[in-house]
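Please open the model in a viewer and keep the selection panel at hand. The tour visits a pocket and then an interface.

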Amino acid sequence: MSLMKYLSEKLAPLLTAAAGLAALCLFLAGIGVGFGENLLVGCGFAAAVLAYFTVDFIVKKLRVQGLSASLSASRDSCLWAETAEAPRSAEALAYYEAMKRCSREALARELAGRKREEEFTDYIEKWVHEVKTPVTALRLIAENAGGKIAGELLQETDKLFSLSEQALYYARSEAVEKDCFIAKTDLGTLVNEALLEQKTALLAAGVAVDAEELTGAVYTDRKWMRFVLSQILSNCVKYRRTPGACVRFYSEEREDGTVLCVWDNGAGIPAADLGRIFEKGFTGGDRSKRYATGMGLYLAKKLCGKLNVGLTARSEEGAYTELRLFFPRGAVHVLDGETAALTKS
Amino acid sequence: MAKIVVCEDDAGIRRELLKALAAEGYCAEAPEEFQDVAGEILSRQPDLVLLDINLPSASGFDVLREIRRSADVPVIFVTSREADADEFYGLTLGAEDYVVKPYSLPVLLARVKKALSRGAGAAALTVHGVTLDTAAAKVSANGRTAELTKNEFRILYALMSRHGRIVPPDEIISEMWESRLYVDENTLNVNIARLRKKLREIGAPDFIVNKRGMGYLV
């Protein structure tokens, strides 16, 4: 609250006071009070008015400052109105009551929205869970039947499953911590599970896989990480360059953690797009004509963020793409090392 | 002939599983009532049980616990629940394996075979006078021995463990991917050619028969 703002608000009472003062002085002069006495009374009046407005300004200014300080200090600003002190003046009180009503209404709506969202997430989870039964049945029917059509059916079934999984992980991605099981996981096993999930697509697309030399272990959630790797692999298939397409897995041990790299010799990413590949819905310029939702890498990045895994990309258009997953060495490793030291001694 | 009981409440999956297991030469049965699953299983005296976790009347975990009170039959959980905690729990209860839906048939069949051979501890496979040493990855016949690469060993193992049946290339490839050998059909063909050369050298030519368009037969 600035002084000018205050003065402009108080213009009417100030003018009234000034008019009153002028009238008083004229009246006193009219009844023959001397100039000196008149001046004294005038100054006294003006001083009283000035004192009142000064104190009023300071009090109001402090109150406004306190208000914004308590608002920015409150942990949940949506709930601040509930804890704010009620004002004394009738006008402010009316505003205060109105604000409280608004904020209660907004809170109620927000809670209802959150509940709807939770119910929807639950529903998606149930749906994806249920859809696995017909997908499994479809797979079995195709595999029992055999032949060329069965192979094509299997490929489509895998796509169907992969898309439903994507929906599941998208629905869950807000609450990763609810469903997280961090354990020491062998990189070979982790990559193997993702490769098995994408096996049909990789083989059908003629993408050679080189992951046999992979060693090392990281602490992570197997299920989430498998999903991330599966999304990356599905991109390797989509943006392959045949013939001779291949994808290679390798790891680097670093002082501060382990890096798992997924390298492919596919179309690569134009330098201008490299910064945007993790954006939601980004499918790139001419990439958009292919089968792409723009969700795969976005979800992969988001889930990696929640699992404290760094996901970055390097690429050269027309040459290669390399996605790097960095698993930082955490407290678990230290603990593990200590246990090892203890057992040794 | 090994007897396998399938506990699965989805009629479609049940029918297809029974079909696939029968084609593989197993005697497969499936209860269609789920009031007393453990009782149904025990009364059939199976060699292996494929057990779903979400069954209409009881959870597969409870069923397994009940079975374990009187029988040590191997049990494979087949489920759409994929939480690691569930898998861990299932295995601590004494399940042999845990397969998540949607699985591929060759994978499931390989797990079934593995579970059935539990305890048998076959260190060597012998078919038509050719012996595969599974510990040392060597093949021998007529007193002569050849060393095998990882790929060649896996291929020969896949064929010999299914001897008498034509094995489609897809099935061999599936089994190899499970063992982290990521071969495609070309690599498979190259490896089979090398394998046949080695077999010829130890005096077992035509051990692997190529059935054009269908697969390989040992």
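Which helix supplies the largest share of the lining of the second largest pocket? Select helix α6 (residues 148-172) of chain A, which contributes six residues; helices here are DSSP runs of H or I with at least four residues, numbered from the N terminus.

This is a predicted model, in which local features need pLDDT of at least 70 and side-chain atom pairs count only at pLDDT 80 or more, whereas totals for chains, interfaces and linings use all residues. Residues are numbered from 1 along each chain as its sequence is written, chains are lettered from A in the order in which they are written, and side-chain values use heavy atoms, without hydrogens and water.

The second largest pocket has a volume of about 1,300 Å³. A pocket is an open set of points on a 1 Å grid where a 1.4 Å probe fits, with protein on both sides within 12 Å along at least five of seven lines; lining residues have an atom within 4 Å of a point. The volume is the space filled by probe spheres set on the points, which are joined across faces, edges and corners. Next select A:Gly147, B:Pro168, B:Pro169, B:Asp170 and B:Glu171, the closest to the pocket centre of its 45 lining residues.

Now display the interface, where 30 residues of chain A are in contact (heavy atoms within 4.5 Å) with 31 residues of chain B. Finally, select B:Glu87 and A:Arg222, whose side chains meet in a salt bridge at 3.7 Å, N to O (Lys or Arg side-chain nitrogen within 4 Å of an Asp or Glu carboxyl oxygen). Two salt bridges are found across this interface.

Methods
Helices (H or I, at least four residues) and strands (E, at least two) are DSSP runs, numbered from the N terminus.
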